[in-house]
Amino acid sequence: MKIKLNNTEIEAADGKSLLDICRENGINVPTLCYHASMTPEARCRVCLVEMDGKLVTSCSTKPREGAKVVTNSERVMKARRLNMELMVPQPSCRREDDYEVCQTYKEVGMGNARFSQIKDYKPDLGAAVIRDNNKCINCGRCVKVCAEIQGVYAIDFASRAHNEHVTPYWENHLADVACIRCGQCILNCPVGAISERSHIEEVVSALDDKDRHVVVQIAPSIRAALGELFGMPAGTLVTGKTVAALRRCGFAKVFDVDLGADMTIMEEASELLRRVEKKGVLPMITTCCPGWILMMEFFYHDLIENMSTCKSPHEMLGMLIKTYYAKKAGINPKKITVVSIMPCTAKKFESTRPEMESGVDYVLTTRELGRLIKMKKIDFAALPDEEFDPALGISTGAGVIFGATGGVMEAALRTAHFLATGKELEKIDITEIRGMKGIKEGKIVLNGKEIRFACAHGGANARKLMEQKDKYHFIEIMACPGGCIGGGGQPIYRDPEVLRKRTEAIYSADRSSKLRRSHENPVVKQLYKEMLGAPLSEKAEELLHTHYVKRDRF
Amino acid sequence: MMAKENGKKDARPLMNILHEVQEKHGYISEHMLKQIAVEQDIPIARLYGVVKFYTMFHTEPQGKYVIEICGSPSCVLNNGVKLEKFLEKEIGAGIGETSKDGMFSLYKVSCIGCCDEAPAMLVNGEPRTKLTVERLRLLLKKIRENEAKQSDGEKKK
Amino acid sequence: MGKKRSELMQILRQTKLEALEKARTLGPEGVIALMEKRGLEGRGGAAYPTAKKWKTCRDAPADERFVVCNADEGEPGTFKDKLIIRHNAETLVEGILIAAYAVGAKRCFIYLRGEYDYLRPRLQEQIDEVLSRAGMEGVTIEIVRGAGAYICGEATALLQSIMGFRGNAMAKPPNPTTCGLWGKPTVINNVETLACAAQAVLFEDWDPTLRLFSISGNVKNPGVYEFPLGVKMSTIIDVARPVKKLKAMSFGCFGGIMPVDPEMAVTPETICMEKCQHGAYSIIFIDETNNVVDVAYSIAKFYTYESCGKCTPCREGTIRMLNLLKKVRTGKAVKKDLELLRELATHVQETALCGLGQTCGNHILTSLQHFPKDYDAYMKK
């Protein structure tokens, strides 16, 4: 159909929203409550445009033939600005803030701050995720994402009118309800009313303490995303610079969680083969995702036996740091502080689990690392590439793909094939479990037996897959859409392309790795030879395995 | 949000279920909230949000007599505020509170549709209209007398 | 002459299942055609042509349709639907059945506001009674109980409530008539509309110009009166019998406040000329002992309770407008505050998501326009 857009006649497809039409025609319309993969609610009223003389929300309005649309009149600008003023009565965007609302101010212009702050809520503080309703603009994205994309539904709006606020049931703290700490709410909050509980202070304290030997380990996903916090395009692989930055922050050693991932593969592939052989509980479900573990503990009590007992990679490496490395380096493990840099907010909770003997002292998210680097006035972009400390820093491509949905599965199968048949898996790139499809599946033959596997990412997809679980032998669940590269601790993104670019970086790191199979890792071999014996040995069980509990939903 | 009606234990509208629970127990407690969430397969955060949306659902124990006095223009124009203040004094509780003796809960609500008999209020859902200070005084007296008789009757048993 | 409750003729005429019988002889399309001929418009305030709504619902492709009777009468100063529920419920029920027949619905709902719950037992009896004699196989009428939310009188919010959600207003499109309860085409009609529908089907002499006026405020004879559109204001005043001289009149809370002109003929056009909206013809009379700003304040307070809270302009605008009026009443306001008040009221009107937000500024804009002296009396000296 033909419509008039800012005095130009254009062709627009039927059934498209004004927002989409504007964007297709290069017109930027600010949005806040809009989410590309969910039905528009038209709450914030920032995306206003004029259509046939009426102000309408472009996200929810579809024009008819001959509509006259204006996006840049003074009337439109003033209306958007006043809604911003009403949402954020006293704006306080600092230069370093990367919240979406700060960008919206640049597009819409600041209003006159004529209203005083009248919200007076107590902040909700927890171990992983914290909320401050005083900053909330009631956009509802956190509620929708938690409900529809994550399938958790830990929060919703309560009360009415100006008392409408986001809360878990009965005004509980988020930490006291069935929240999986995935942090997707954080990623979707345009104003930072929800954020991670920061541990920067504790880490800086430890770094300043001359008595402590502070080591850091970084997850696969960090290297694919940290650059975004320093102006680099999404998908820039910054492994070397990250290692260099961490050294300049004062960490004594920089280790690679990918090595921990390789260890996880050794243990988990062995565990899978044992269950298949000895007719153990199947399907076996991966457990490197603490968000998924919480989901199981809250909502799927009957799956406890299905869960792999393997700890997650950074927890495995944390234990190895405080035993193997401490011994090798001749340092008292009690003097070692282990910091994990994670794309994940749930891992802040994971390291505090009483069921888990954890070697990790603090978890910092990718975003916190960015803040720490800026605090230390390090010019990230100008850094040279440096290598991990070799003691626990050598890893394989199998380890790095843990960052992407399907990566754990692929890495495990590369090793499972070798352990089961003694021969290397020829098709090393198991492409059918790569990519953004919500649920992916495939099959492989090991010693004449067909092993069926599936992966899901995002809580709602995990729930869907659980309904079909008995079709499979092996299931990988990542609570965050995209897998860990889309984790709650990662740089905030709006365009789903960013996830794809980060994923590409992960797989390119795999492709360019000298070693691509966990069982080829010389440090892995050394660890088993010198300390653990073999996968699933008593020592391995003691250090690298854990168990789970049933939690009440409410 | 368009929800599908699935095979729940109780296919009645949630509003009616919530009313019934409140009628039976006097209010909707956290315990009952959990029960409804399980029986109706509703996420508890959402269920809480529904309960807290509606003025007439209470999540705390209420007085034996819940008074909802109208605060909308027709009643205000007919002396409503004076009666509000009188009530607050007489029952010993402010708007939104329950009296210490557990007898009355007092709320100011929006138009209850008795504008031609203003000022008006609901007492446990029953309209009491054409109110004056005198009428209120009498009403409260009657309620208190009834209560005294009942509790005497209880004692005698 | 206006007719008071006991003498009301048209709205209390009973159809005694004869309207349904006649409807069945006409067939669904015939019923809709008759509705169009009679010119029945919605009586909830929006005055949408009933025949058009029923036709749109019927024509929307679906395997299921619903009829909902909006008995959430919540506009302050409105109590006409209560009259119908108390004194002509059977005709109302018949009207619901006729609507169901016309659009092809089986499940019907009556959303009855919580404040009218004392009417429910008798209403339920009458529903059961009529259904037992109506001969409409498979058609059910279920009462859904409201719980104190004015916004649930708004069509999309009402449906949210029936479906077990918070009573949030929803962006349109989609329109409930084609995509309502559980995504199916749903007709939502006001109590008076449905009662009139039954009467309009049966009575050849049914008069569409007769409307129910809810009259209240500073008058000795408040009540529901039936007048023809075009009735002179003085006729209404004579019947209502004010105590003191009347200064102003408000159409509920939403319609705006305007001066009382005894010579004015009450029509949608004349009311529109004063920048007001007639809605369901609820008139709250305000006499000269009152400052209109005080009335505006109680209206503004109403909106800060009743806004659903979903959209920014209404959720935040209503409390800001109340606070500004508070400032005015405490004598601390200056000219800039009134400008901001006007700006806010206009802004919420133009950018809110639903009818509540789009009308919650009317009382402010009209009182500023028509009663500036009342504001002046409060301004900072």
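Helices H10(C) and H14(C) are roughly antiparallel to each other, a description used here for angles over 145 degrees, while angles under 35 degrees count as roughly parallel, 65 to 115 as roughly perpendicular and the rest as oblique. The axes of H10(C) and of H14(C), which covers residues 362-370, come within 10 Å and cross at roughly 170°. Such axes are lines fitted to C-alpha atoms, for helices over the stretch in contact, and the angles run from 0 to 180 degrees between N-to-C directions. Helices (H or I, at least four residues) and strands (E, at least two) are DSSP runs, numbered from the N terminus.

This is a predicted model, in which local features need pLDDT of at least 70, side-chain atom pairs count only at pLDDT 80 or more, and totals for chains, interfaces and linings use all residues. Residues are numbered from 1 along each chain as its sequence is written, and chains are lettered from A and ligands numbered from 1 in the order in which they are written.

In the helix pair, C:Val292, C:Ala296 and C:Ile299 of H10(C) meet C:His363, C:Ile364 and C:Ser367 of H14(C). Two residues are in contact if their C-beta atoms, placed from the backbone, lie within 7 Å. The residues of this helix contact comprise 4 nonpolar, 2 polar and no charged. In this classification Ala, Val, Leu, Ile, Met, Phe, Trp, Tyr, Cys and Pro are nonpolar, Asp, Glu, Lys and Arg are charged, and the others, Gly among them, are polar.

Chain C as a whole is divided into domain 1 (5-202), domain 2 (210-287) and domain 3 (292-378); these bounds come from an automatic or database domain assignment. The C-alpha centres of domain 1 and domain 3 of chain C lie 33 Å apart. Between these two domains, 9 residues of domain 1 are in contact with 8 residues of domain 3. The side of domain 1 that touches domain 3 has 6 nonpolar, 2 polar and 1 charged residues.

The next feature of chain C is a sheet. Its 4 strands form an open sheet in the order E3-E2-E1-E4, with parallel pairing; two strands pair if DSSP finds at least two bridges between them. Strands E3 and E4 of chain C stand at the edges with a single partner strand each, so one side of each has no neighbour in the sheet. On average, neighbouring strands of this sheet are turned by 20° against each other, direction ignored.

Strand E1(C), residues 66-71, pairs with E2(C), residues 107-112, in the parallel sense over 6 bridges. Within that pairing, C:Val67 has C:Cys108 as its bridge partner in E2(C). E1(C) also pairs with E4(C), residues 186-190, in the parallel sense, here over 5 bridges, and C:Val68 stands opposite C:Ile188 in E4(C). E2(C) in turn is joined to E3(C) by 6 bridges, and these two strands run parallel. C:Tyr111 stands opposite C:Val144 in E3(C).

E1(C) is mostly covered, since 6 of its 6 residues are buried. A residue is buried if 20 or more other C-beta atoms lie within 10 Å of its own, exposed if 12 or fewer do, and partly exposed in between, with C-beta atoms placed from the backbone. From this strand C:Phe66, C:Val68 and C:Asn70 point one way and C:Val67, C:Cys69 and C:Ala71 the other way, all of them buried. Helix H6(C) lies across E1, E2, E3 and E4 of chain C and runs at about 105° to E2(C).

Some of these elements also take part in the contact with chain B. Here 45 residues of chain C are in contact with 35 residues of chain B. On the chain C side, at least two residues each come from strand E3 (140-145), helix H6 (155-162), strand E5 (210-217), strand E9 (282-287) and helix H10 (292-306). H10(C) provides the largest share, 6 residues. The side of chain C that touches chain B divides into 20 nonpolar, 18 polar and 7 charged residues.

Chain B itself contains 6 helices and 4 strands, which follow the pattern α-α-α-β-α-α-β-β-β-α along the sequence. Its C-alpha trace spans about 55 × 45 × 20 Å along the principal axes. Of the 157 residues in chain B, 39% are buried.
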